[in-house]
Amino acid sequence: MTYLILLIGFALLIKGADYFVEGASKIAQTLRVSPMLIGLTIVAFGTSAPEASVSFIAAFEGNSDVAVGNVVGSNIFNATFILGVTALVFPLAVQSDTIRKEIPFALLAAISLLILISDVQLQYSELNLITRTEGILLLLFFAVFLYYVFEMARNNRDQINAENPAIVVNPSWMKNILFTVGGLVGIVFGGYLVVENSIQIALSLGMSETLVGLTIVAVGTSLPELVTSVTAAMKKQTEIALGNIVGSNIFNIFFILGASATIHPLAVDPKIFLDMWVMIVVTILLLIISRTNHKISRIEGTILAIIYIVYLVFIIFRN
C-alpha cells in the first residue's frame with residue numbers, strides 16, 4: 001500500500017506540474033517575454049514546485065536530510081541526465097547571456113551553499129547547519145536573481161513591442177488561472193504523499209534519509225523538468241529547455257533551501273559534501289561545454305547522461 005501511495009504522489013506531482021506550467025506559460029506569453037525568460041522563470045519555478053513542496057514539508061517535519069538531499073540530488077540530475085537526454089533529442093543552442101550570466105549564477109548558488117554548510121570546517125562547530133539567518137541570506141540572493149530577471153523581461157518586452165507593435169493576444173484567463181491553481185494543489189498534496197511514504201520505504205529497506213533524498217525523491221520530483229525539457233527540445237524550443245534547467249537549479253538552492261532553512265534550521269549530513277562537490281563540478285563542466293561551442297551537442301549530452309548513471313551507482317553502493 002505504501003508503494004501504491006508513493007506512485008499516486010508522484011503522479012500528482014507530475015500532472016500537477018504539467019497543468020501549472022501550461023497555465024502559467026500561457027499567461028506569461030501574453031506579457032510578451034522571450035522563450036528563454038519563460039524557461040528561466042515560469043517553467044523553471046513551476047517544474048521546481050515538486051522539489052519545493054517536498055523540501056518544505058520535510059523541513060516542517062524536521063527531516064533535514066530529505067530537504068537538503070532532495071535539492072542537491074535534483075540539481076545534479078538536472079545538470080547531467082536531463083540536459084543529456086534533452087541534447088540527445090535535439091542539440092541545445094546556448095545564448096551568450098546564458099554563458100555570461102545565468103550559468104555563472106547557478107555556479108554561485110552551488111558554491112554559496114557549500115560555504116554555508118561548512119560550519120565544522122570553517123567555524124570549528126560541532127554540527128554543519130543551515131541556520132535561519134543563512135536561509136534568509138539565500139532568499140536575498142534569490143531576490144537579486146529576480147531583480148535581474150525582471151530587468152531582462154522589461155528590456156525584452158520593450159524590444160518585442162518595438163518589433164511587433166500590432167500583436168494582440170486574447171488568452172482565456174479563467175482557464176489558465178484554473179490550470180495554474182489546480183496544478184499547485186496537486187503538487188503540494190503529491191509532495192506530502194512522496195515525503196511520507198518514501199521515508200517509510202527507506203526505513204524498511206535500511207536506506208538513509210540522505211540517500212532517499214538524493215535518489216528516489218530527487219529523481220521523482222525532477223520528472224517534470226525532464227518531461228518539460230524533452231518536450232521543448234522535440235518542438236525545437238531549446239531556449240525553454242535550457243532555461244528550465246538553469247532556472248530550476250538557481251531556484252532550488254536560493255529559494256527552496258533558503259525558505260526551508262527559514263522554516264526550520266537544516267542539519268547537514270557529512271556525506272552530502274561529496275555530492276555538493278559533484279554538483280559544483282558538473283555546473284563548471286556545463287559552463288565549459290557551453291563556452292566551447294555555444295551549444296550542447298548529442299555527444300556532450302551522452303557524456304552528461306553517463307556521468308549521472310555512474311554517480312547514481314556510486315551513491316547506492318556508498319550507502
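Guide: Begin with burial: buried means under 20% relative accessible area, exposed over 50%, and partly exposed in between, with a 1.4 Å probe and protein chains only. V227 counts as partly exposed because its relative accessibility is 46%. The model is predicted, so local features need pLDDT of at least 70 and side-chain atom pairs pLDDT 80 or more, while totals for chains, interfaces and linings use all residues. Residues are numbered from 1 along each chain as its sequence is written, and side-chain values use heavy atoms, leaving out hydrogens and water.

Visitor: Which helix holds V227?

Guide: Helices are DSSP runs (H or I, at least four residues), numbered from the N terminus. V227 lies in α10. Buried residues of α10 include L226 and T228. The C-alpha atoms of V227 and D18 are 8.8 Å apart, although 209 residues separate them along the chain.

Visitor: How many residues of α4 are buried?

Guide: Of its 26 residues, 21 are buried, so α4 is largely enclosed by the rest of the structure.

Visitor: Where does α4 bend?

Guide: A bend is the angle between axes fitted to the seven residues ending at a residue and the seven starting there. In α4 the bend is about 40°, at N78.

Conventions. Helix = DSSP H or I, 4+ residues; strand = E, 2+ residues; numbered from the N terminus.
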